[in-house]
Amino acid sequence: MGNSEFESCKAQGFVAVPPAKPFAESLKSSLREVFFPDDPFRGFKNQPLSRKFLMGLQYFVPIFDWAPRYNRQYLKSDIVAGITIASLAVPQGISYANLAKLPPIIGLYSSFIPPLIYAILGSSRDLAIGTIAVGSLLIFSMIGKEVNPIEQMNLYIHLAFTATFFAGIFQASLGFLRLGFIVDLLSHATIVGFMGGAATVVCLQQLRAMFGLEHFTHNTDIISVMKSVSTQFHQWRWESLLLGVCFLSFLLVTKYFSKKKPGLFWISAMAPLVSVILGSLLVYVTHGEQHGVKVIGPLKSGVNRLSIKDLEFGPEHLHVAIRTGIVIGTIAMAEGVAVGRSFATYKNYHIDGNKEMIAFGLMNIVGSCTSCYLTSGPFSRTAVNCSAGGKTAVSNIVMAVAVLITLLFLTPLFYYTPMVVLASIIFSAMLGLVDYEAAIHLWKIDKFDFVICISAYVGVVFGSVETGLEVAVAISLIRVLLYLVRPRTSVLGSIPNSEAYRSMDQYPLAKSVPGVLILQMSCPIYFTNASYLRERISRWIAEEEDKSKSSGESSLQYLILDMSAVGSIDTSGISMLQDVRKQTDRKGIKLVLANPGSEVVKKLGKSKFIEEIGREWIHLSVGHAVAACNFTMLSVKQKNVDVSAGDFATPDIV
């Protein structure tokens, strides 16, 4: 490389050290990026105080934002959608309450008050609020270990309300503190495996109603359930099994036709209510309750009663309520936010995850004080709402009104509803959550994600719902730690006929630069990975030196660290770079840095590291660094040639 080329490279400038900022300003900027990455209040700038107050009210209470623009056409669509999802909410509410081992009426209560709260505070236009199967199962599996839901029914109900209260506190706190990113710890693979395992466990629990068994295990793992079913073979009721198979087939067929022809979505949406009606009529006409077919029995009429005095804050069971609340709150929050974001993306609008958490939290807090248990935004109900043409959260209000009418006037009609029909409804809803296609996709794309998914599934099915969740989160965290502790480093080479430098593993045509070793660092340098990077760089240097000796090429003279992907560095990372510099100095190798970020350069400057290696050895890009190294090597070589020529020149004869 000639002198003119290097001077041209140098003229473009070296890496600048950004001006120092006051600590308070830097801290403020960092906190803003952590808690307000979407800058939700950017529209408040340069606005009068009255306007700021109105915008703040619209931000925290979204109904004030969209209600002024509401029109008659929206109302027509929302009424149709609300009635449609109410037809699904009533049988689902009763079914999921039964799954949680709570009185069926509480499932109806939970489809009345919480949707009204969400309609005021929620930011999603499509989310339909109601009870969720996985949350219901978790309440039974976690509280049921401490309190028998049959022998201590009142205490069990009170603890379910208390757990819902703490779930709401947890959700609202995360939203107010802008800590929604915590939910991201549940990776996609974790959720796929966990939800599939939970759906499998929920289906297994329905075998009790399907076979008409009186006694059933309180454990949720597959071994205990199958053992309980098989050892009671002589108590199986063929009437119940026949009825369950028929209604399950009916529900699956309607779901199949609705998927084939989306315009017929209402068939699948109405199928659960039709099943309840037909099942009730069949039992009433045939007196099926006298032949082993269990029915719901009497449901009291009337609206929700206040349950704030029922919350259990005594020390004996408080830990159970808090632990259950945090777990069910996390699952409900993850499902609701994920479903809301999916439909928002589909319809091209934005929802704020933190605002959604606040809405979920407040509706569960209010719900726990009005005889409701955990609610969220289940996918099945939301999909029906979207397919039915729902435009705004008014569809939740319409659904709540329909449930209110049911509570006031129609509850006696559910007396003869067979439990096996409710089991069929749950069974058909849960089958869609066993997403084997997503698991196959994970296997093709990322084997580690597949392991996480299967671990979560196996943990839930063969252990418990809590065990599966803990295993999945633990494996996910291990993967994150492995990425941080053992980051990837790669050797870069020059791509022929270009100025690009790329990984030699990824691009076999890339050529190494004689006398220069270029290493790319792929993550922030912290105390967690500093020691590993020190050892890995030493190994790269040793391997390059061995390669040079064996091939007879020029010895290694420069080590270039491409720091484009290094977003930050701590004191341990700086100490690691200092150790590398000392090691390279001993070997006669010059350390060169390429494109370090502003935060990295700032800390390197404060630690005097830039002075140690020389500002001229920190370059804007790998290309500039290589140009500088080649120029220096060429200059040294030319100087050596000149000296050698002078030594052997013929002396002048006097």
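Student: Which residue's side chain meets that of Arg237 in a salt bridge?

Tutor: That would be Glu239, at 3.8 Å from N to O. A salt bridge here is a side-chain nitrogen of Lys or Arg within 4 Å of a carboxyl oxygen of Asp or Glu. Before going on, keep in mind that this is a predicted model: local features need pLDDT of at least 70, side-chain atom pairs count only at pLDDT 80 or more, and totals for chains, interfaces and linings use all residues. Residues are numbered from 1 along each chain as its sequence is written, and side-chain values use heavy atoms, with hydrogens and water left out.

Back to our pair. Arg237 counts as partly exposed at 31% relative accessibility, and so does Glu239 at 21%. (Buried means under 20% relative accessible area, exposed over 50%, and partly exposed in between, using a 1.4 Å probe and protein chains only.) There's also a network: salt bridges with shared partners join Arg581, Asp585 and Glu612.

Searching the whole structure turns up 10 salt bridges. One of them links the side chains of Asp126 and Lys347, 2.7 Å from N to O. Asp126 sits in the loop between helix H7 (113-121) and helix H8 (133-143), and Lys347 in the loop between helix H15 (318-346) and helix H16 (353-368), so this pair ties together parts that are 221 residues apart in sequence. (Helices, H or I with at least four residues, are DSSP runs, numbered from the N terminus.) Asp126 is buried, with a relative accessible area of 0%, whereas Lys347 is partly exposed at 33%.

Now look at Asp352 and Arg178, whose side chains meet in a salt bridge at 3.6 Å, N to O. Asp352 is in the loop between H15 and H16, and Arg178 is in the loop between helix H9 (153-176) and H10, so the two tie together parts 174 residues apart in sequence. Both Asp352 and Arg178 are buried.

Finally, zoom out to see the whole chain. The domain assignment gives domain 1 (71-479) and domain 2 (487-636), with bounds that come from an automatic or database assignment. Their centres, taken over C-alpha atoms, are 55 Å apart.
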